Amino acid sequence: MNTKVAILDEHNLDKNVLEECGYILRDGGLVAFPTETVYGLGANALDGQAVIKIFEAKGRPQDNPLIVHISQIEEIEKLVINIPDIAKKLMDKFWPGPMTIILPKKDIIPDETSAGLDSVGIRMPSNVIARELIKEAGVPLAAPSANISGRPSPTDIERCIEDLFGKIDYIIGGEKCNVGVESTVIDCTVYPPCILRPGGITLEMLKNVDANIYIDPAIMQKPNKDILPKAPGMKYRHYAPKASVKIIQGDVDRVAEKINSMIDEYKNFGKKVGVMATDETINRYKNALTMSLGSRNSIETVAQNLFETLRSLDDKGVDVIISEAFEEKGIGIAIMNRLKKSAGFNILKV
Ligand code: TXA
Ligand code: MG
């Protein structure tokens, strides 16, 4: 397939490109676009045949439901059966932004979009290009992250092109995504609401609205057959680079010592090692390809750089990626969730 590519200026949007993409989407085609979290791969959420193409382009398991993106709060009314007060409060406070709310769906949402569930995830992104595209399309957009299924999500247009060029109709780009991890998914079909995937809107921020909100305990540990995560997507191997990933957690000095001894061991076996460190610790590692995720004093930067760093270490052909751990608070919960999944929960405490 011939894929068109355009880079848009958020402050001076190219109306012609948006109009063409809107037409493609109404006509059942696929357009990848930037959001504040990661790039999304959009199709008309109300058109089952269009949505099937997303699953094909990504190689995504059919039982994993898609998030439906809207551009105005009012659009939610024709998509869901009822909106509990707590959902209204969360929407008022955090939309537009990196939060997806799960609610009981109306029949207008086809089974292809909801993967046969009777609920649907709705999100109103804050990214200007995303919102204008949804408006131009005139229909809500089903949009998973714009990566080949299982790989780290793309946070810039180059990574999106790498995964999807030749498979979809159009890729539009803007600035690099400023959150860097996907939206927080929160189930409001139950009370208290339950966080199914930690993300840009943190547990602490949500608890300020309702102290009873909690995180699905199943996503904090290695999935097993007794406790399955409630979000179907959380049970798959995910965010995984080609290299195997190991996380080392503990006191900074001990972590550095352990990582350096692991580097030596892997080298003895002829393995190429990459280390994901931080600005504060990067100089502690010798004999490995070392990349900083950013400063520990600005954990938001670490979130922004996480997926791109995993992908660039892969490009450099490392066999093993060893990563430092992060404190599980604020957006650190989302960072550690993605890291643990990319490592298949291979985490060593020192
Ligand atoms: O930030 C984001 O949310 C990005 C951008 C593009 O908006 N999208 C995204 O979509 O991350 P995706 O498809 O990669 O992840 C959607 C997650 C999956 O884990 C899926 O299982 C869960 O949300 N999900 C969607 N609908 C659900 C539902 N009705 N019930 C439970 N989990 C649901
Ligand atoms: Mg994804």
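Predicted model: local features only at pLDDT ≥ 70, side-chain atom pairs only at ≥ 80, totals over all residues.
I noted that the contact (heavy atoms within 4.5 Å) takes 29 residues from domain 1 and 20 residues from domain 2.

Residues are numbered from 1 along each chain as its sequence is written, chains are lettered from A and ligands numbered from 1 in the order in which they are written, and side-chain values use heavy atoms, with hydrogens and water left out.

I then looked up the buried area (the accessible area, with a 1.4 Å probe, that two parts lose on being put together, summed over both), and between the domains it is about 1,900 Å², with carbon and sulfur atoms giving 50%.

For salt bridges (a side-chain nitrogen of Lys or Arg within 4 Å of a carboxyl oxygen of Asp or Glu), I found five across the interface of domain 1 and domain 2. I also looked at E308 and R159, whose side chains meet in a salt bridge at 2.9 Å, N to O.

Last, I looked up which helices (DSSP runs of H or I, at least four residues) give two or more residues to the side of domain 1 that touches domain 2, and these are α6 (157-164) and α7 (203-209). I noted that α6 gives the most, with three residues.
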